[in-house]
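Please look over the sequence and the model below before reading on.

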Amino acid sequence: ITAVGGGTIRDMLIARDEHGRSKRAFWMDEPEYLYIAVAASLATFCFWNTIAEKCGLDQSDHWIFWLDSAGVGCFCIIGAMHGIRAGLPWLVCAFCGMCTSTFGGVTRDVLSHRPVRILHSHSEIYAFTAFAGAAAYMAVRGAGGGYVLRAAVGWSTAVVLRYFSWTTDVRLPSMEQVYSTQAVLKAKMSA
């Protein structure tokens, strides 16, 4: 679900390919994505505990953050490219990049009845970093930059923003913060 969920939702939203034909989820035409996702899931399920114990690994290790960040950078570009192929405006292409990068996790969280990670203030910003990476990709494309340059800028933007949000603890605002800010502003205005 997590591996193909974002691209599936993106394809459902796009609904048509560049030739106007009805579009179905990408993995229906390219089942290798499913094969890779199933193989990785099975390998993780079967071997993670053993490998983690032998090698002293933990789910909070930094390398997991870096792999996740690299994935966000890659998939935001892939999603934006799907939007381009569908002939969508640049802002929608950037949204496609964010959707591809993050909505698999949203689907996982909804199906497992957990708070959706990217919508809560208890974790660092995530979807914005994917959107910014895809938007940077689109901006460099709009400026005439070649594929390697725009891919490098888009990927780097997403990864650097993920790192920044992780190291500085940048989070979405909570409703308590919004209400307390409003109360402070009202108090200052009435004083």
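This is a predicted model: local features need pLDDT of at least 70, side-chain atom pairs count only at pLDDT 80 or more; totals for chains, interfaces and linings use all residues.

Residues are numbered from 1 along each chain as its sequence is written, and side-chain values use heavy atoms, with hydrogens and water left out.

The secondary structure of the protein consists of eight helices and zero strands, where helices (H or I, at least four residues) and strands (E, at least two) are DSSP runs numbered from the N terminus. Read from the N terminus on, the elements therefore follow the order α-α-α-α-α-α-α-α. Taken along the principal axes, the box filled by the C-alpha atoms is roughly 65 × 50 × 35 Å. Of the 191 residues in the protein, 35% are buried, a word that stands for under 20% relative accessible area, with exposed meaning over 50% and partly exposed in between (1.4 Å probe, protein chains only). The accessible surface comes to about 11800 Å², and carbon and sulfur atoms hold 66% of that surface; such areas come from the Shrake-Rupley method with a 1.4 Å probe, and for residues only the protein chains shown count as cover. Among the contacts with a separation of 6 or more, 64% are between residues 24 or more positions apart, a contact being heavy atoms within 4.5 Å.

The largest pocket comes next. On a 1 Å grid over the protein atoms alone, a pocket is an open set of points where a 1.4 Å probe fits, with protein on both sides within 12 Å along at least five of seven lines, and its lining residues have an atom within 4 Å of a point. The space in the largest pocket is about 1600 Å³, a volume being the space filled by probe spheres set on the grid points, which are joined across faces, edges and corners. Its lining has 47 residues, with Thr2, Ala3, Asp68, Arg108 and Tyr126 nearest the centre. At least two lining residues come from each of helix H1 (2-14), helix H3 (32-55), helix H4 (62-85), helix H5 (90-111) and helix H7 (147-168), and H4 gives the most, with 11 residues.

Apart from residues up to four places away in sequence, Ser101 touches Val72, Phe75, Cys76 and Ala130, and a polar atom of its side chain lies 3.1 Å from the backbone oxygen of Val72. Thr102 is also in H5, and with a relative accessible area of 2% Thr102 is buried. Its contacts, leaving aside neighbours within four places in sequence, are Ile118, Tyr126, Ala127 and Ala130.

The last two residues are in loops. Most residues other than glycine have a negative phi. His113, however, has a positive phi near 60 degrees; this residue lies in the loop between H5 and helix H6 (127-142), and is exposed because its relative accessible area is 75%. Asp169 also has a positive phi, of about 60 degrees, although it is not a glycine. Its place is the loop between H7 and helix H8 (175-190), where Asp169 counts as partly exposed because its relative accessibility is 43%.

Key
A polar contact is a pair of N or O atoms within 3.5 Å; within protein, one must be able to donate a hydrogen and the other to accept it, and residues adjacent in sequence count only if both atoms are side-chain atoms.
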